[in-house]
2 protein chains.
Amino acid sequence: MLLVSTALTDLKQRLAEVYDLQRTLGVLRWDQQTMMPPQGAAARAEAAATLTGIVHERFVSEETGRLLEQVAPLELEYDSDDASLIRVTRREWEKERRVPTQLRADWAREAGNAHIAWLEAREANDFSVFLPAFQRVHEVALRWAEYMEQGDSPYDPFLDEYEPGMKTAEVKAVFDVLRPELTAIVREAGEPADASFLQGDFAIATQQEFLAGVMHDFGFEEGTYRLDPTVHPFAIWFSGGDIRMTTRYRPDNLQALWSTMHEAGHGLSFRGIDPLLRRSPLDGLPSMALAESQSRTWENLVGRSLPFWRGRYPELQRRFPQLQNVGLEAWYRGINNVDPGLIRVDADEVTYSLHIILRFELEQELVAGTLDPAGLPEAWNARMHELLGVEVPDDVRGVLQDVHWTRAGYGYFPTYALGNVLSVQIWRAVAQDLPELEAQLEAGEFGPLYDALRERLYRHGAKFTPMETLDRAIGADAIDPQPYLEYLREKIGGLKVV
Amino acid sequence: MLLVSTALTDLKQRLAEVYDLQRTLGVLRWDQQTMMPPQGAAARAEAAATLTGIVHERFVSEETGRLLEQVAPLELEYDSDDASLIRVTRREWEKERRVPTQLRADWAREAGNAHIAWLEAREANDFSVFLPAFQRVHEVALRWAEYMEQGDSPYDPFLDEYEPGMKTAEVKAVFDVLRPELTAIVREAGEPADASFLQGDFAIATQQEFLAGVMHDFGFEEGTYRLDPTVHPFAIWFSGGDIRMTTRYRPDNLQALWSTMHEAGHGLSFRGIDPLLRRSPLDGLPSMALAESQSRTWENLVGRSLPFWRGRYPELQRRFPQLQNVGLEAWYRGINNVDPGLIRVDADEVTYSLHIILRFELEQELVAGTLDPAGLPEAWNARMHELLGVEVPDDVRGVLQDVHWTRAGYGYFPTYALGNVLSVQIWRAVAQDLPELEAQLEAGEFGPLYDALRERLYRHGAKFTPMETLDRAIGADAIDPQPYLEYLREKIGGLKVV
């Protein structure tokens, strides 16, 4: 047993080093998207490619495999940290070692170059500026998929990157329920209420002051986090004491409030991971859908709720006097308007998932080869008309709006809609623990909600599969769209202007 | 020859990857000192240690040695890029492979921890808070030195890290000239002129606006650089298009003007390196003394010169109306006052080198073991009295003022004074190329000066040894303190208030 226990120590050390390098890649990415001068992009793409290759090489090495073999005889409780570490590592190692290191590095490099091209294309408002770089990263992604275990759908390997173990057919089954129901809710919602007060003059510095209060009340302590502007908001963490959220401020609307609460939701779930899991592959969430369920929880179930604004609206009115003539009810109606639009990140809770279904469908076609990258703008625009009834005026407000395809990150988008679904499933269970939840949200006391979510969900980190985690969190064994649809019907029905 | 040329390509690729990882370490460091929330420090120290170990391991590998052997038969011009790459790499490889990888990683980790302790000690204004972490990093440094080639002085290996090939005795020879001469200049300078106008209310935003103009005129283009606040200013670059300078603003004085021009000088010399040398070990300067010669050039020979301020002082007066009653001559006198003080980075051109001599002497004693780390504050304070005639009131204004010892970076400090000396040696040569230099400085036209320095010095990068570089730049084969002393005597003599 001495050998076995030494092997476990060695394995942990090795994984801690891989973790360090992955976090370092995260620092490169955070810096690139918040701080880096634009002319630094080409060198940054090289650096990220080199480091990506090294991370891959070290992780998939024979030495990792040898250590995994040596620890196999250990008899450990399934739920223990060590057993989970070994289980999760073995799955990832067996998957990742199929991929040549060079391919991983190429993917990172082409993603970096495509990110540069995407920024240029947005500047020029022209997809064709992005196309050549996109085609290159797209082809690397397809080459990568050939090394993966083939599933029922060519989309399965991509989905598995973000949603371990989930099949395309399972996503389709959920989306097949959502698509007609959401379309019906949009139709039945009728004319949107007046929300013109959401456009206007909103000084960014004042938005920041308001948000600083929200972040504080959500539980973020000084010296443990940052919130910075970026083009495409994201959240990342380098330790429990170094959580980086990013957001996008606009001087003429208040979208930053919700995009910030969204990223704060990510930040809180990173923060709630058991400290004993830090500096290991378990220091994360088990899937993107579970991660997104929490960003959407804090953005929508908290940040678009009536109790939250009952407590906080007076402060917002004080900071933005033009809202003095807008009552709480009108405000609440306005921020929850169902109003099909062009931009995913600005979408309401109902149409948001339709934006996702569009991307999910296009991605499957791209991966299957039935849609050529060059045909993407046309397909996008047609699908927007079909699903949301809107006409896309240009590429920036269409196919160029999201960053994800700069890394051919297919499989990521559907997790947003699954996150919406899961957020309500989990919220219902958590609400049972907290009989005073509404009053707490109104009072700006978010500690009990955070503690309940941490206890049920966050603390597990990535110890279990997504479905095992859901089971431990709320005793459910599948993603169920019904609570989400019920929540929307009830909320949107109640908002209807009669 | 096919094998040899393939080996050269492979060697370059390998070195490019090592370069990428070193730049990535730079990103970690830049982020740590400008952006990172304080609570992220412990994890950052681990990440930097892991990456440092990997950089070392990859560079010193047998594979690098094998490639170096394979390219040995190549017949190349001494001055060619390829010959230089091979020569510089071989020297560095033979030196670096003596060091165990674990020791390099330990050094990085202990340096990270000591940096945290240093910040805490500064907060507490108490050296004893820093001492335990300092002792640990000090011991790692001494262990490292045991692996190095032993020179005449135990300080030689440390010096060689920053000043390749230079011996402690050579530095001593220069400093033995400087010490009495500088002390005499201080004595003869007499009472400092009134410079009370340098203290007062100087809005940081206004300083930043003024400096933005300076940076622009120095030649920095939008989208290729950053200038951020930090505790201990430094400059670093990740590519020719991503140069990061940092500075320290104070709302009650204008020291940031010179600390920014200092870092801008570093930035300009990074910028001037031949683009063909990028992403290779030659993308740097051959020694810290040559690097510092250029930061001091732009800080002092430009930024404290009469022509510079003749052109720029009206703008400064416009931005800070309290200077309206201070004439150009009084201003020039004030910013060049010889006035022994406590803080190195705030020191005038004469006493600055005395601050360095103090550190050089203490470092030699630390390394020789004749001074214990615990005895540092007492030794510091005594030496400050002896060399500069000032009493040190507390640790923050004494032994805790510099960041360098957090990484036991002995050998770095002397390069600042050598840089002062070299700056004037090089300036004299460059001034011969530029008969209109004074008029250009007054007109804010810095392009000709930059071009001349790039042509003589910057473009060579790290292709040659420091002395080979000096020879190519100005036809000199040694560091000569006389021009520096002449420059000071002339300048300070001219300033004397009669």
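Here are some questions and answers on a predicted model.

Colleague: What rotation superposes chain A on chain B?

Modeller: The superposition has an RMSD of 0.0 Å, with 0.0 Å of shift along the axis. The two copies are thus related as by a two-fold rotation axis. The rotation is 180°.

Colleague: How many residues of chain A are in contact with chain B?

Modeller: The copies meet through the same surface, because 100% of the interface residues of chain A are also interface residues in chain B. On the chain B side, 34 residues take part. For chain A the number is 34.

Colleague: What area do chain A and chain B bury between them?

Modeller: Of the buried area, 62% is on carbon and sulfur atoms. In chain A, M35(A), P37(A) and T50(A) lose the most area to chain B, together 17% of what that side buries. The two chains bury about 2,700 Å².

Colleague: Which residue forms a salt bridge with E46(A)?

Modeller: Eight salt bridges are counted between chain A and chain B. In the one at E46(A), the closest N and O atoms are 3.3 Å apart, which is within the 4 Å cut-off. The partner is R279(B).

Colleague: In the open sheet of chain A, what is the order of the three strands?

Modeller: The edge strands are β1 (225–229) and β2 (235–239) of chain A, and each pairs on one side only. Four bridges join β2(A) to β3(A), residues 242–247, and these two strands run antiparallel. Pairing in the sheet is mixed, and the order is β1-β3-β2.

Colleague: Which residue in β3(A) is the bridge partner of W237(A)?

Modeller: β3(A) covers residues 242–247. Within β3(A), the partner of W237(A) is I243(A).

Conventions:
Residues are numbered from 1 along each chain as its sequence is written. Chains are lettered from A and ligands numbered from 1 in the order in which they are written. This is a predicted model: local features need pLDDT of at least 70, side-chain atom pairs count only at pLDDT 80 or more; totals for chains, interfaces and linings use all residues. Side-chain values use heavy atoms; hydrogens and water are left out. Copies are superposed by least squares on the C-alpha atoms of residues with pLDDT of at least 70 in both. Contact means heavy atoms within 4.5 Å. Two strands pair if DSSP finds at least two bridges between them. Buried area is the accessible area (1.4 Å probe) that two parts lose on being put together, summed over both. A salt bridge is a side-chain nitrogen of Lys or Arg within 4 Å of a carboxyl oxygen of Asp or Glu.
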